[in-house]
Amino acid sequence: MLFIINKSATQSHALSDCVKKAYAGDVILLIEHAVYSVVEIKPPAVFQALRENVSVCALQPDLLVRGLDKERCYDFLEYVDYSGFVALVENNKPIRSCF
Amino acid sequence: MKISVQINASPYQHQAADTAWGFIQAAIAAGHEVYRVFFYHDGVYNAARDSRPPSDERDIVKRWSTLRVEHNVDLVVCVSSAQRRGLLETSVAKKVAGYEHALADGFRIAGLGLLMEAVIDSDRHITFGE
């Protein structure tokens, strides 16, 4: 399953809910304001419940426009551009946008 | 792959229309078919004919109309959402408001049946917005 989240962890419970619901092989894609949630904090708050083999991706153009660079983000994070976003959609079914 | 998109948020206030646009452009570039974009709730403002952003800004409404012309993407506006917000189609607009048409070129108005059809007929359906 591909979870698409567009709100930060402080705006909505969508991310924390999806982290709890995602199992091995699932992908969580963070877009728009959700990318604020990948700035590393310790302990990793919302990602503490992340299971093994669940991928967390961020839409890189949304990180860039918010002035967030990779050095400030969690190590486990993967980055995609819009073509990578399309590839995630292609390779995962179902797709669930969580608001 | 056949992809349909749903947009639930208004342009200029929410990033959804821009994210959907970036996604659709990348999908088309990758050889996928974007079958339908369904505008729902405040997303219907993406079809507002009278939208006039400043000339140095992106024109979101015009951008959608271009998508219809260049890639034959079906742009469908939810009739109930549109009427609630005063975006009336020709027959209703003439009768109750005395003007021609509230929707920009390339958009058509329809019910939720076409949303369901898009979900059923597409390989993937993605929702942007709220």
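How much area do chain A and chain B bury between them?

## The interface

Chain A and chain B bury about 1,500 Å² between them; buried area is the accessible area (1.4 Å probe) that two parts lose on being put together, summed over both. Carbon and sulfur atoms carry 61% of it. A:Glu32, A:Tyr82 and A:Val86 supply 33% of the area that chain A buries against chain B, more than any other three residues.

This is a predicted model, where local features need pLDDT of at least 70, side-chain atom pairs count only at pLDDT 80 or more, and totals for chains, interfaces and linings use all residues. Residues are numbered from 1 along each chain as its sequence is written, chains are lettered from A in the order in which they are written, and side-chain values use heavy atoms, with hydrogens and water left out.

## Contacts and a salt bridge

On chain A, 19 residues are in contact (heavy atoms within 4.5 Å) with 20 residues of chain B. The rule finds one salt bridge across the interface, meaning a side-chain nitrogen of Lys or Arg within 4 Å of a carboxyl oxygen of Asp or Glu. A:Lys7 forms a salt bridge with B:Glu130. Their closest N and O atoms are 3.0 Å apart.

A:Phe85 and A:Val89 of H3(A) are among the residues making the contact, as are B:Phe23 and B:Ala26 of H1(B).

Conventions: Helix = DSSP H or I, 4+ residues; strand = E, 2+ residues; numbered from the N terminus.
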